[in-house]
Amino acid sequence: VGGNRLDSWHFHAFNVALHAANVALLVIVAAVCVFPAEWGNSPLWSTGLLFAAHPVHAEAVSGLVGRADLLCTLLCLLSLLVYSHAVPGRDARQSGILLSLSRASAFVLSLLLV
């Protein structure tokens, strides 16, 4: 009943809000880069639902340590969105190729190119 009590629900609520922002941003990036002009199609929304409900994100959302993963995802999606708008001469589907590069595949690709 004291004022020095540590409550973790603030951290958990912020992680849930970050995850919700990541889901919304993924749907926007997928609409711009992968499925342009197909807002009503089910692949776009099923991509967002799969990303939101996938169990691999449970640890990142439930624990404080996972905030780095959530912020990294947010910044990567934001940078991809900015990149797709900054290069006006390219087709949006060409920049959608960048969506398939995760950290592990980008590492292997960099090893193959060296």
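Predicted model: local features only at pLDDT ≥ 70, side-chain atom pairs only at ≥ 80, totals over all residues.
**His-19**

His-19 has a relative accessible area of 11%. Buried means under 20%, so I noted His-19 as buried. I then placed His-19 in helix H1.

Next I listed what His-19 touches, leaving out residues up to four places away in sequence. The list reads Phe-51, Ala-52, His-57, Val-61 and Leu-70. Phe-51 and Ala-52 belong to the H2 side of the H1 and H2 contact. His-19 is itself named on the H1 side of that contact.

**H1 against H2**

H1 and helix H2, residues 42-53, pack with their axes 9 Å apart. The angle between H1 and H2 is about 155°. Angles over 145 degrees count as roughly antiparallel, so H1 is roughly antiparallel to H2. I recorded the crossing of H1 and H2 as right-handed.

I wrote down who makes the contact. From H1 come His-19, Asn-22, Val-23, Leu-26, Val-27, Ala-30 and Ala-31. From H2 come Leu-44, Trp-45, Thr-47, Gly-48, Phe-51 and Ala-52. I sorted the residues of the contact of H1 with H2 by class: nine are nonpolar, four are polar and none is charged.

**H1 against H4**

Helix H1 spans residues 9-34 and helix H4 spans residues 67-86. Their axes come within 9 Å and cross at roughly 25°. The cut-off for roughly parallel is under 35 degrees, and H1 and H4 are therefore roughly parallel to each other. H1 passes H4 in a left-handed crossing. The class count for the contact of H1 with H4 is 17 nonpolar, five polar and one charged.

**Ile-28**

I picked one more residue of H1, namely Ile-28. Is Ile-28 buried, exposed or partly exposed? Its relative accessible area is 35%, so Ile-28 is partly exposed. I also took a distance from Ile-28 to Leu-77. The two are 49 residues apart in sequence. In space they are 9.3 Å apart, C-alpha to C-alpha.

**Confidence**

Last, I looked up the pLDDT values. The protein averages a pLDDT of 75. I noted that 68% of the residues score at least 70. Which element has the highest mean pLDDT, and which the lowest? H1 has the highest, at 88. Helix H5, residues 92-95, has the lowest, at 52.

Terms used: Residues numbered from 1 in each chain as written. Heavy atoms only, no water. Axes fitted to C-alpha atoms, helices over the stretch in contact; angles between N-to-C directions. Helix = DSSP H or I, 4+ residues; strand = E, 2+ residues; numbered from the N terminus. Parallel < 35°, antiparallel > 145°, perpendicular 65-115°, else oblique. Left-handed = near helix turned anticlockwise from the far one by under 90°. Nonpolar A, V, L, I, M, F, W, Y, C, P; charged D, E, K, R; others polar. Buried < 20%, exposed > 50% of the residue type's maximum accessible area, 1.4 Å probe, protein only. Contact = heavy atoms within 4.5 Å. pLDDT = per-residue confidence, 0-100.
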